[in-house]
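Q: I have a model open and want to go through some local geometry. Can you take my questions as they come?

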Amino acid sequence: MSDAVIRSTEGRIGILTINNPPVNALAAAVRAGIKDGVEAFGRDSNVDAIVLIGGGRTFIAGADIREFGKPPSGPNLNDVIATMENSPKLIVAALHGTPLGGGLETALGAHYRVALPTTRMGLPEVHLGLLPGAGGTQRLPRLTGAKYALDAILSGRHIPAAEAKSKGIVDAIVEGDLLKGAIAHTEMLLAQKAPLRRVRDLSVTLESPELFAETEKSIARKARGFKAPWNIIKCVQAAVDLPFDEGMKRERELFAELLTSTESAAQRYYFFAEREAAKVKDVPADTPQREIKTGGIIGAGTMGGGIAMNFANAGVPVTMLETSQEALDRGLKTIRTNYENTAKRGGMKAEDVEKRMALITPTLDYNALKDADVIIEAVFETMEVKETVFKKLDEVAKPGAILATNTSGLDVNQIASYTKRPGDVIGMHFFSPANVMKLLENVRGKATEKDVIATVMSFSKKIGKIPVLVGVCEGFVGNRMLRMRGIQSAYMMEEGALPQQIDKVVYDYGFPMGPFAMSDLAGNDVGWRIRQGKKEKEKRNVRYTGYVADAICELGRFGQKTGAGYYKYNLPDRTPIPDPEVEKIIEETSKKLGITRRAISDQEILERALYPMVNEGAKILEEGMAQRSLDIDVIWVNGYGWPVYRGGPMWWADNVVGLKTIHDALLKYRDASGDPFWEPAPLLKKLVQEGKKFSSV
Ligand code: NAD
């Protein structure tokens with residue numbers, strides 16, 4: 001008998017306690033222990049019924065991730081669950097913590113279920129590109145009806161105990177001691193001579209004959225490119241249409257299809273990548289951290305306001321400083337409106353709006369920041385303003401305070417040099433809108449102390465962000481790679497493609513929108529002003545990319561906000577409409593540049609839009625600006641809408657396209673254009689020669 005599942009008895013009730021800390025994952029020993037235990041109690045004439053319960057902090061929280069990708073050993077979960085369901089003794093599953101995935105599926109194999117009020121259960125496999133493959137798609141609909149089950153499995157969300165009770169997933173909520181409550185419930189069932197209620201024998205309620213067609217329609221946009229949601233719908237449909245055993249067979253087939261799909265491989269990779277990205281190679285997990293109880297923000301504009309909301313949402317008081325009362329009032333008003341809109345939509349309670357606002361203290365006086373543990377600067381993007389601010393912060397901030405800049409393009413090392421404590425300075429590059437976007441590029445300066453990095457990485461998580469550590473370079477990781485796509489998109493437009501063709505290829509790949517629609521959304525004037533300020537034409541040996549963009553801006557076509565950009569818009573409808581006028585501007589530009597326009601294939605567009613990004617990613621890795629290729633993937637999936645079912649640029653290059661294919665394509669474009677832009681990064685060349693992947697670096 002293994003100690004992964006401990007057997008004991010209480011009167012005439014056999015108890016199986018799962019003992020596989022920390023989360024009672026369904027390892028082979030646990031599966032075997034449950035099966036053996038159920039069989040042993042089944043034969044035991046001193047036992048009338050069985051309680052299955054998790055020891056420690058939770059019932060089974062899911063599959064054992066350490067077994068992923070390894071050859072199967074021990075009984076498979078479907079056999080374990082069938083053994084439970086077919087047991088001659090009544091089984092009650094006692095749920096606490098987070099019975100998720102295979103954990104909930106196991107519980108559905110019991111004849112009855114009870115739960116503590118705090119239990120949160122669910123079938124979250126969809127997030128890994130999978131579906132519940134141990135009967136979840138067949139048993140849940142039998143308890144709740146098809147409609148609810150479909151929604152629960154498609155969303156993968158956590159279901160609170162009270163809701164689970166109201167939907168029939170659990171039979172009773174027990175207060176206080178779970179085991180005692182479960183035993184009492186079991187004794188009651190025995191006294192009532194309750195039947196062995198096998199979920200497999202229940203029939204499924206189908207609320208509407210249109211349910212499946214309607215669900216497919218309603219998820220079409222969100223589930224575009226993903227495989228799992230479509231298979232989940234087929235499974236639940238099978239639960240309705242087929243006898244249980246055939247439904248189970250269908251579930252297995254559809255599960256196997258997902259397990260071997262690239263989409264799920266990418267999503268499973270990504271799931272771990274996101275957790276890994278929070279770790280810093282030379283900053284051990286036990287590095288002492290500085291305490292952050294209060295914050296300060298300089299600038300109450302677009303970014304400052306959003307960042308302040310992050311603090312307030314996490315319950316951290318923050319003082320926000322501006323140069324004028326008007327700017328301060330404007331900033332606070334925007335924050336309040338944001339919160340009130342959320343409250344109106346039901347996203348938060350009205351009294352919470354006031355609670356959060358009360359955490360944000362406006363000020364015009366730098367002395368109000370003297371107690372702040374972290375101060376984030378989000379003022380205008382010029383070195384002169386940053387210099388003034390950081391010199392002032394150096395005077396007023398308490399010793400040990402972390403001084404962060406939200407600059408998107410300036411040199412963090414130079415900013416740090418305006419203080420006498422560059423070790424306390426770090427970049428925290430939020431994305432807009434800062435209260436919504438999860439990605440946070442934390443920028444390590446050459447002097448940034450390790451405890452500052454450790455503190456900022458964990459504080460980022462506290463304020464709900466997904467942090468990635470990057471180095472100081474132009475555009476950091478995300479914008480630096482984005483620029484490559486922008487350059488080629490501009491050239492392809494001059495050579496013969498139209499914005500709508502390029503955008504469609506990028507959209508069809510899986511991005512929420514293409515580069516031109518994105519530029520229209522963000523405002524074409526932003527780049528235009530920067531180009532006017534800088535001598536972009538001579539920069540970095542890159543041929544000027546702004547001819548069409550400049551012409552468009554000169555006509556006041558700044559994008560959605562002016563009703564026209566690369567597309568026209570019938571505002572308030574934001575659907576981009578291709579515009580012959582833009583086509584004319586593009587054709588005239590080609591003519592002026594002496595370029596004969598040609599048809600550009602979708603394949604060429606895809607390669608020229610995405611391969612240079614991968615090549616830039618290789619340079620970033622080589623320079624140590626990102627720690628690992630997975631960090632780059634996390635940045636692109638979270639910050640720029642790279643479809644998660646393609647893993648991110650580097651995983652896609654490693655595992656789908658292959659580095660040699662990318663390398664050879666770069667050479668092909670280099671030789672055709674004579675443009676040094678296409679030179680493969682030395683790291684890419686090296687990896688191709690050695691037959692290795694980015695993930696090996
Ligand atoms: P913004 O113009 O909306 O806000 C800047 C605010 O700073 C203004 O309210 C201004 O009054 C205030 N300010 C200017 N000088 C100040 C000073 N000396 N002291 C105090 N306040 C001062 O600009 P933004 O879009 O919020 O950008 C702020 C910073 O964030 C910039 O460095 C920008 O590069 C960076 N950033 C912006 C975005 C974005 O998408 N907008 C994204 C990432 C990073």
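A: Starting with H96: H96 sits in the loop between β4 (90-95) and α3 (102-108). Helices (H or I, at least four residues) and strands (E, at least two) are DSSP runs numbered from the N terminus.

Q: What kind of model is this, and how are residues numbered?
A: The model is predicted, with local features needing pLDDT of at least 70 and side-chain atom pairs counting only at pLDDT 80 or more, while totals for chains, interfaces and linings use all residues. Residues are numbered from 1 along each chain as its sequence is written, and side-chain values use heavy atoms, with hydrogens and water left out.

Q: Is H96 buried or exposed?
A: H96 is buried, because its relative accessible area is 11%. Buried means under 20%, exposed over 50%, and partly exposed in between (1.4 Å probe, protein chains only).

Q: What does H96 touch?
A: Leaving out residues up to four places away in sequence, H96 touches G54, G56, R57, T58, F59, L116, T119 and L178. Contact here means heavy atoms within 4.5 Å.

Q: Switching to K35. Where is K35?
A: K35 is in helix α1 (residues 28-43). K35 counts as partly exposed because its relative accessibility is 22%.

Q: Which residues does K35 touch?
A: With residues up to four places away in sequence not counted, K35 touches P75, D79, V80 and T83. The C-alpha atoms of K35 and D79 are separated by 8.1 Å, and the two residues are 44 apart along the chain.

Q: Now the ligand. Which residues come nearest?
A: M303, E322, E381, K386 and S408 come nearest, out of 21 residues around the ligand. A residue is near a molecule or strand if one of its heavy atoms lies within 4 Å of it.

Q: How do those 21 residues divide by type, and which element supplies the largest share?
A: The shell divides into 9 nonpolar, 9 polar and 3 charged residues. Ala, Val, Leu, Ile, Met, Phe, Trp, Tyr, Cys and Pro count as nonpolar, Asp, Glu, Lys and Arg as charged, and the others, Gly among them, as polar. α12 (302-313), α15 (383-396) and β14 (425-430) each supply at least two shell residues, and the largest share, 3 residues, is from α15.

Q: What about polar atoms around the ligand?
A: A ligand oxygen atom is 2.5 Å from an N or O atom in the side chain of E322. For the side chain of K386, the distance from an N or O atom to a ligand oxygen atom is 2.6 Å. A polar backbone atom of T302 is 2.9 Å from an oxygen atom of the ligand.

Q: How much of the ligand does the protein cover?
A: The protein covers 78% of the 830 Å² of accessible area that the ligand has on its own. Accessible areas come from the Shrake-Rupley method with a 1.4 Å probe; for residues, only the protein chains shown count as cover.

Q: Last topic, rings. How many aromatic pairs are there?
A: The structure holds 19. Rings of Phe, Tyr and Trp (its six-membered ring) pair if their centres lie within 6.5 Å; planes under 30 degrees apart count as stacked, over 60 as edge-to-face and the rest as tilted.

Q: Why is the pair of Y269 and W651 called stacked?
A: The ring centres of Y269 and W651 are 5.7 Å apart and the planes are at 25°, so the pair is stacked. Y269 is in helix α11 (residues 262-277) and W651 in helix α26 (residues 649-657), 382 residues apart.

Definitions and conventions:
Polar contact = N/O pair within 3.5 Å; in protein donor to acceptor, adjacent residues only side chain to side chain.
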